[in-house]
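Keep the sequence and the model open side by side. The walk goes from sheets to spaces, and then to a few local details.

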Amino acid sequence: MKDEALTEDADEVVGLARRLIAIPSVSGDADGQRAVQRTVAEYATERHPAVREDGDLGAERPWTLLSTGDARAQTLLFVCHADTVPAGDPGAWSTDPFRAVVDGGRLTGRGAVDMKCGLAAATSALVLAAERGAAVAVLMTSDEEAGALGAAGAAAALADRDVGAVIVPEATDGVIHVGHRGALWLDVEARGRAAHGSTPGRGENAILGLARVLERARHELPLSSDPDLGEETWNVGTVAGGTAPNIVPAHASATIDMRTVGAGEAQVRWWRAQPELASVRTLLSLPALRTDRTHPWIRSLPAPVAPAGVPYFTDASVLRAHLPGVPVVVWGPGAPAQMHAVDEAMDLGSLRAMCGRYRRAVLDRLPESRGPG
């Protein structure tokens, strides 16, 4: 017989997701992210008195930990971020990005896929855990989209906890991924010599110098690959330089986003060796995430395991240092192509299916339902 907790109507989860989407919580907006975390905490604690709440909503980057079950027991942890990327031009959307419109089996709004529906599904699993006495927790962080900036502060919540496994509910179409590439962001600056625009030969154009470096990087930057995480990539995210059309620019800079499978030392060395560059500064350095796909817990989960990691980073890059040896999976509802997109939309069938899978993962943490291994 199917467990009734796995077959119950998921309308409440959709309703919670809609409430979260209706709260603008763009990275850097601490008030919006507090509101998201407070809404989730109120939802969970109202539904079961066994849900415990901890956190620091007054922090610059607020965080909240909701937990249930024996505080000394090994815990299944969901790691969820409360922020979203900006909606961009509202006129490019077919509807208000924060209206959370349900139509044709899809929920549209900024953050629907990344990751407010995943957060709602994890919260539903937490409430089930409270009902069944399972040790489960949901950690909500801030400013993940800006470089997992809030994860370090939120890690304080894990200091005295026995975390046995971690699920990051990012969009994976319900397929389990056991890793992701790291992120290395650099600010590189070229310097030249200013001169009048009518006599450019008297100066040294920093923009042209930077352009030469970026062109060389297309062919020379030492990028590696990994059988589980894929190919390393790089992207020029921003470029700035010059002060006026009639001045030879003395400064030019660019931000470089490299997605890495190693520590990135070779790439940094390459940038520092370019003669046109006066400085190379690290803005963000997040390690790659790897988990053994043959781990017994991963093999017990009710979903297929993908052959490669996801291409984006998650808070697990930061939290992994606090959870050595703990298996971590990226596993959530929704299509990855919808992340950060205009008219971002969650397929409600995917969300409902994920609710059932999360609930099964929770029930399998109970001693009486845990299988061999």
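What follows is a guided tour of this predicted model.

Local features are reported only at pLDDT of at least 70 and side-chain atom pairs only at pLDDT 80 or more, while totals for chains, interfaces and linings use all residues of this predicted model. Residues are numbered from 1 along each chain as its sequence is written, and side-chain values use heavy atoms, with hydrogens and water left out.

Start with the six-stranded sheet. Helices (H or I, at least four residues) and strands (E, at least two) are DSSP runs, numbered from the N terminus. Two strands pair if DSSP finds at least two bridges between them. In the order S1-S2-S6-S3-S7-S16, 6 strands form an open sheet with mixed pairing. Its edge strands are S1 (52-56) and S16 (328-330), each of which pairs on one side only. Neighbouring strands here are turned by 20° against each other on average, direction ignored. Axes are lines fitted to C-alpha atoms, for helices over the stretch in contact, and angles run from 0 to 180 degrees between N-to-C directions.

Look inside this sheet at S2 (residues 63-68) and S6 (residues 136-141). They run antiparallel, joined by 5 bridges. Thr68 stands opposite Val136 in S6. Helix H3 (residues 30-47) lies across S1, S2 and S6 and runs at about 15° to S2. Contact here means heavy atoms within 4.5 Å.

Now turn to the other sheet. It is open and has 4 strands in the order S12-S13-S9-S14, with antiparallel pairing. Strands S12 (233-241) and S14 (277-286) stand at the edges with a single partner strand each, so one side of each has no neighbour in the sheet. The twist averages 15° from one strand to the next. S12 pairs with S13 (residues 251-260) in the antiparallel sense over 8 bridges. Val239 has Ala254 in S13 as its bridge partner. Helix H6 (residues 206-220) lies across S9 (182-191), S12, S13 and S14, and runs at about 20° to S13.

The whole structure holds 5 aromatic pairs. Rings of Phe, Tyr and Trp (its six-membered ring) pair if their centres lie within 6.5 Å; planes under 30 degrees apart count as stacked, over 60 as edge-to-face and the rest as tilted. Trp185 and Phe313 form an edge-to-face pair, 6.1 Å centre to centre with 65° between the planes. This pair links distant parts of the chain: Trp185 sits in S9, and Phe313 in the loop between H8 (296-300) and H9, 128 residues apart.

On a 1 Å grid over the protein atoms alone, a cavity is a set of points where a 1.4 Å probe fits but cannot get out, and a pocket is an open set with protein on both sides within 12 Å along at least five of seven lines; lining residues have an atom within 4 Å of a point. Grid points are joined across faces, edges and corners, and a volume is the space filled by probe spheres set on the points. The second largest pocket holds about 210 Å³. Its lining includes His81, Asp114, Arg259, Phe313 and His340.

Two backbone details close the tour. A cis peptide bond, with omega about -10°, joins Asp114 and Met115. Met115 belongs to helix H4 (residues 112-132). Ala100 is not a glycine, yet has a positive phi of about 55°. Ala100 is in the loop between S3 (75-81) and S4 (101-103).
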